[in-house]
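Here is a note to a colleague who is meeting this structure for the first time. Please keep the sequence and the model open while working through the numbered points.

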Amino acid sequence: MKKKSRTWWKKAAAVLVLTVVCMLGAKGGSVEAATVKYASELKRNGANVTYQIGSHRYYAKYSERGKSALYEVKNGKRTRIAQASRYFQFQAMAEYGNYLYYTLNDGSGGCDLYRYNRKTKKKALVRRSVRTMLIVKGKLITNGFATDVSAVPIYVSRLDGKKAKRIAKNSDQAKMKVYGNRIYYIERTFNSNHTKSTQRLVSRTLTGGKRKVYGKAIKSPASICYFNNQYLIYSTGTYSSGTKYYQLNLKNNKKKRIYPSSDTINEWYDQYYY
């Protein structure tokens with residue numbers, strides 16, 4: 001009986017150890033368990049910018065003479081993460097798991113996305129020509145730059161940028177937003193002689209399907225200033241004729257005129273592109 005009891009305890013201990021190992025492995029190794037944290041601009045001194053991501057701080061140094069660089073700042077000490085030629089500009093974008101995602105703008109329209117492993121100190125190119133990025137459900141979503149600002153592609157890829165799938169080809173160079181399983185972005189349409197344009201809010205599933213257009217009744221020319229999954233705000237008119245602002249409910253398509261302050265309008269613009 002004593003021998004049998006000892007055997008039972010050995011089995012129980014083995015199961016307990018295996019369970020703990022599996023729990024630790026799921027916590028440390030699963031990308032789905034990580035939480036994405038996006039950068040906020042903490043301080044700007046000319047073209048030099050300090051970013052905050054969660055509890056971590058980064059400093060992007062811009063130089064027209066020497067080298068531009070990206071640093072991690074800890075206890076007042078800077079540790080260099082990456083370095084580039086003069087006129088290049090770094091921007092901290094987000095953290096996910098052990099990785100810092102950042103962009104490097106070459107000053108002539110090219111802006112590439114990199115990621116840096118904070119543990120191994122290794123960095124790698126993720127995707128070229130990236131304006132904004134989102135990480136949703138373990139997938140990387142990026143849109144880019146284009147000569148025609150109304151023909152910007154949106155891609156969904158692995159977190160390392162590989163196996164990218166284009167889910168849209170005519171988005172505007174504006175920020176994308178994800179609500180649930182749908183991605184929301186702006187499309188711009190033109191009249192036949194290309195003299196007037198109208199922006200539309202569009203959503204798709206994260207695989208690119210089930211395209212839905214909002215605000216079809218908005219008359220041209222019009223520009224969307226702000227949007228979420230409940231309503232959008234758009235403007236009509238010109239500076240000389242006077243700009244009018246409207247809020248459109250996406251559920252019932254009812255609109256109302258609004259009178260935003262100049263500070264609110266500037267905030268919309270900042271959130272729209274940056």
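1. Strand S21 (residues 244-249) and strand S22 (residues 255-258) run antiparallel to each other and are paired over four bridges, where strands count as paired if DSSP finds at least two bridges between them. Within this pairing Leu-248 lies opposite Lys-255 of S22. Five residues separate S21 from S22 in the hairpin, and in the turn Asn-253 has a positive phi of about 60°.

2. Some remarks on the basis of the note belong here. This is a predicted model, in which local features need pLDDT of at least 70 and side-chain atom pairs count only at pLDDT 80 or more, whereas totals for chains, interfaces and linings use all residues. Residues are numbered from 1 along each chain as its sequence is written, and side-chain values use heavy atoms, with hydrogens and water left out.

3. As for the overall make-up, the protein has two helices and 22 strands; these elements are DSSP runs numbered from the N terminus, helices being H or I of at least four residues and strands being E of at least two. Of the 274 residues in the protein, 38% are buried, a term that means under 20% relative accessible area, with exposed meaning over 50% and partly exposed in between (1.4 Å probe, protein chains only). Among contacts between residues at least 6 apart in sequence, 31% join residues at least 24 apart, contact meaning heavy atoms within 4.5 Å.

4. The pairing of S2 with strand S3 (residues 48-53) is antiparallel and extends over five bridges, and Lys-43 has Thr-50 in S3 as its bridge partner. In general, strands of a sheet pair through backbone hydrogen bonds, either parallel or antiparallel.

5. Another open sheet is built from five strands in the order S1-S7-S8-S9-S10, again with antiparallel pairing. Here strand S1 (37-38) and S10 are the edge strands, and each pairs on one side only. S9 and S10 are joined in the antiparallel sense over four bridges, with Leu-125 in S10 as the bridge partner of Tyr-114.

6. Arg-118 itself sits in the loop between strand S9 (111-117) and strand S10 (123-127). Neighbours within four places in sequence aside, Arg-118 is in contact with His-56, Tyr-58, Glu-72, Glu-95 and Asn-98.

7. Leaving out residues up to four places away in sequence, Met-93 touches a set of residues including Ile-53, Tyr-101, Leu-113 and Met-133. Tyr-38 is 55 residues from Met-93 in sequence, yet their C-alpha atoms are 6.0 Å apart in space.

8. Tyr-87, in the loop between S6 and strand S7 (89-96), is not a glycine but has a positive phi of about 75°; Tyr-87 counts as partly exposed because its relative accessibility is 39%. Ser-129, in the loop between S10 and strand S11 (132-136), is likewise not a glycine and has a positive phi of about 55°, and with 34% relative accessibility Ser-129 counts as partly exposed.
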